[in-house]
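Subject: Structure for your review

Dear colleague,

Please find below the structure that I am handing over to you.

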Amino acid sequence: MLKIEKIPKEYTRGDVDKMVIGDQNEVQWLHLDPCTAILMHDHDGEQWEAWIHLAKNRVYLCMKDEEHELVNDSHSVAIFMAIKGRTDYTYDELAEFFFRLGFSVYRGSVHLTD
């Protein structure tokens, strides 16, 4: 379960909170040219994945038992960060984490158009 903790006083000036997503397996940089796609797939029930579209300030979550795809049908390059993890977080826990970072959070696939 995600929880908010204080960073120890010896490392801070004042109170500083942190919330940690533990046990990440991989962080990726994804570059999708126009009219390309990552086809529909799952992660064999082993991993959740967050696709982070920094330019749009959005996160798309795919949980362990779900499938997703990333389709770039636009005429622009799309850049995403992907984070994959194995810890059994709920959708709500991951959504809260990314929401607190200022992202709009969506569930499932991404389909970009012009």
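A strand, as the word is used here, is a DSSP run of type E with at least two residues, and strands are numbered from the N terminus. In this predicted model, glutamate 49 belongs to strand 5, which covers residues 48-53.

The chain contains ten strands and one helix, and their order along the sequence is β-β-β-β-β-β-β-β-α-β-β. Along its principal axes, the C-alpha trace spans about 50 × 30 × 20 Å. Of the 114 residues in the chain, 37% are buried. Among contacts with a separation of 6 or more, 73% are between residues 24 or more positions apart. The chain exposes about 7,200 Å², and carbon and sulfur atoms supply 50% of that area.

I return now to glutamate 49. Which side chain of opposite charge is nearest to this buried residue? It is lysine 84, at 4.3 Å. Glutamate 49 has no salt bridge, because a salt bridge requires a side-chain nitrogen of Lys or Arg within 4 Å of a carboxyl oxygen. The side chain of glutamate 49 does make a polar contact with the side chain of histidine 68, at 3.0 Å. Leaving aside residues up to four places away in sequence, glutamate 49 touches several others, including Gln28, His41, Tyr60 and Lys84.

The charges form a second topic.

- Lysine 9 and aspartate 15 form a salt bridge, with their closest N and O atoms 2.6 Å apart. Lysine 9 counts as exposed because its relative accessibility is 55%, and aspartate 15 counts as exposed at 56%.
- Lysine 64 and aspartate 88 meet in a salt bridge of 2.4 Å, N to O. This pair links distant parts of the chain, 24 residues apart: lysine 64 is in the loop between strand 6 and strand 7, and aspartate 88 is in the loop between strand 8 and helix 1. Aspartate 88 is exposed, with a relative accessible area of 64%.
- Glutamate 96 and arginine 100 form a salt bridge, with their closest N and O atoms 3.0 Å apart. Both residues lie in helix 1, four residues apart, which is about one turn of the helix. Glutamate 96 is partly exposed at 36%, whereas arginine 100 is exposed at 52%.

Yours sincerely

Conventions
Residues are numbered from 1 along each chain as its sequence is written. This is a predicted model: local features need pLDDT of at least 70, side-chain atom pairs count only at pLDDT 80 or more; totals for chains, interfaces and linings use all residues. Side-chain values use heavy atoms; hydrogens and water are left out. Buried means under 20% relative accessible area, exposed over 50%, partly exposed in between (1.4 Å probe, protein chains only). Contact means heavy atoms within 4.5 Å. Accessible areas come from the Shrake-Rupley method with a 1.4 Å probe; for residues, only the protein chains shown count as cover. Lys and Arg count as positive and Asp and Glu as negative; His and the chain ends are not counted. A polar contact is a pair of N or O atoms within 3.5 Å; within protein, one must be able to donate a hydrogen and the other to accept it, and residues adjacent in sequence count only if both atoms are side-chain atoms.
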